Amino acid sequence: MKVGIFGGTFNPIHYGHLRAAEEVRERLGFSKIIFIPSGNPPIKTRELADAKERYNMTELATAGNPFFEVSDIEFKRHGKSYTVQTMKELCDIYPDISLYFILGVDAFLDIPNWWQPERLIAIMDFIVISRASFRFIDLLSSPYIHADRGALERLDEGELESYSAKLRSNRDILAMRVPLLDISSTEIRRLTAAGKSIKYLLPEVVESFIIEKGFYKIES
Ligand code: ATP
Ligand code: MG
């Protein structure tokens with residue numbers, strides 16, 4: 001059984017996340033995708049909705065998909081929460097399941113700035129998906145990946161749909177094209193703060209929830 005783990009701040013969750021997760025699930029035949037909204041950071045910022053609320057929005061957004069699940073593993077944790085810790089816990093909970101960490105090119109390139117990145121790279125297999133403004137060839141700047149430049153270029157050109165490579169840790173990484181939906185949570189927060197419409201960028205239930213709760217209204 002193969003399961004995708006999709007972590008993020010989901011502040012808020014939007015159609016870019018949802019469609020990418022659905023594409024990965026269907027094309028790779030995954031049994032499910034587990035969304036993991038991050039917990040509260042030690043210092044709160046006005047722009048970041050409370051972990052419980054981001055969890056609620058993720059639940060609302062995924063309720064209609066029987067293959068999507070939301071985990072409270074990070075938002076229920078007290079104190080600092082690190083991805084490597086979460087992934088280790090999940091590996092322990094599901095010892096007989098192949099877990100794949102799904103993330104965009106932007107997030108994968110940010111891993112060197114995370115807590116214990118080498119350990120994270122050693123315990124997980126990865127699926128790296130397209131993200132607007134980033135190219136797969138950018139992955140060559142990652143210290144963790146052994147990849148063929150030509151193959152990454154062909155992915156960027158659309159001549160390849162996916163490309164399977166190895167991490168230096170010897171774990172697997174699959175770079176996979178998904179249709180580019182140029183949507184970001186940052187842009188949704190910016191539009192909300194400016195009093196503009198966020199319709200069709202995210203599910204209507206999440207849009208209504210944001211309006212009802214008054215999230216992201218103040219420009220920071
Ligand atoms: P922010 O603008 O606040 O950073 P975001 O839209 O990037 O928000 P995150 O919660 O940071 O969303 O991202 C969680 C994961 O989803 C990351 O791995 C990111 O690369 C991926 N992701 C975000 N938006 C998209 C999108 N439009 N298409 C594909 N992947 C996405
Ligand atoms: Mg982001």
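Which of the 21 residues around ligand 1 come nearest? In this predicted model, they are Asp106, Arg131, Leu181, Ser185 and Thr186. The shell around ligand 1 divides into seven nonpolar, eleven polar and three charged residues.

Polar contacts to ligand 1 were examined next. The side chain of Asp106 places an N or O atom 2.6 Å from an oxygen atom of the ligand. Arg189 also contributes through its side chain, with a polar atom 3.0 Å from an oxygen atom of ligand 1. Ile183 takes part through its backbone: an N or O atom there lies 3.1 Å from a nitrogen atom of the ligand. Taken alone, ligand 1 exposes 590 Å², and the protein buries 87% of that area.

Ligand 1 sits in the largest pocket of the model. Two or more residues of the shell around the ligand come from each of S1, H1, S4, H4 and H7. The volume of the largest pocket is about 1,100 Å³. Its lining comprises 48 residues, and those closest to the pocket centre are Gly7, Gly8, Thr9, Phe10 and Ala107. By residue class, the lining holds 24 nonpolar, 18 polar and six charged residues. Rolling a probe the size of a water molecule over the atoms shows where empty space is left.

The loop between S1 and H1 was considered separately. Phe10 is placed in this loop, and Phe10 is also among the residues closest to the centre of the largest pocket. Its phi is near 50 degrees, a positive value in a residue other than glycine. Pro12 is found in the loop between S1 and H1 as well. The peptide bond from Asn11 to Pro12 is cis, with omega near 0 degrees. Most residues other than glycine have a negative phi, and most peptide bonds are trans.

A polar atom of the Asp138 side chain lies 2.8 Å from the backbone nitrogen of Arg135. Asp138 and Leu120 are 18 residues apart in sequence. In space, the C-alpha atoms of Asp138 and Leu120 are 20 Å apart.

Conventions: Residues numbered from 1 in each chain as written. Chains lettered and ligands numbered in written order. Predicted model: local features only at pLDDT ≥ 70, side-chain atom pairs only at ≥ 80, totals over all residues. Heavy atoms only, no water. 1 Å grid on protein atoms, 1.4 Å probe; cavity = no way out; pocket = protein on both sides within 12 Å on 5 of 7 lines; lining within 4 Å. Points joined across faces, edges and corners; volume = space filled by probe spheres on them. Nonpolar A, V, L, I, M, F, W, Y, C, P; charged D, E, K, R; others polar. Near = heavy atom within 4 Å. Polar contact = N/O pair within 3.5 Å; in protein donor to acceptor, adjacent residues only side chain to side chain. Areas by Shrake-Rupley, 256 points an atom, 1.4 Å probe, with all protein chains shown as cover. Sits in = over half its atoms within 2 Å of the grid points. Helix = DSSP H or I, 4+ residues; strand = E, 2+ residues; numbered from the N terminus.
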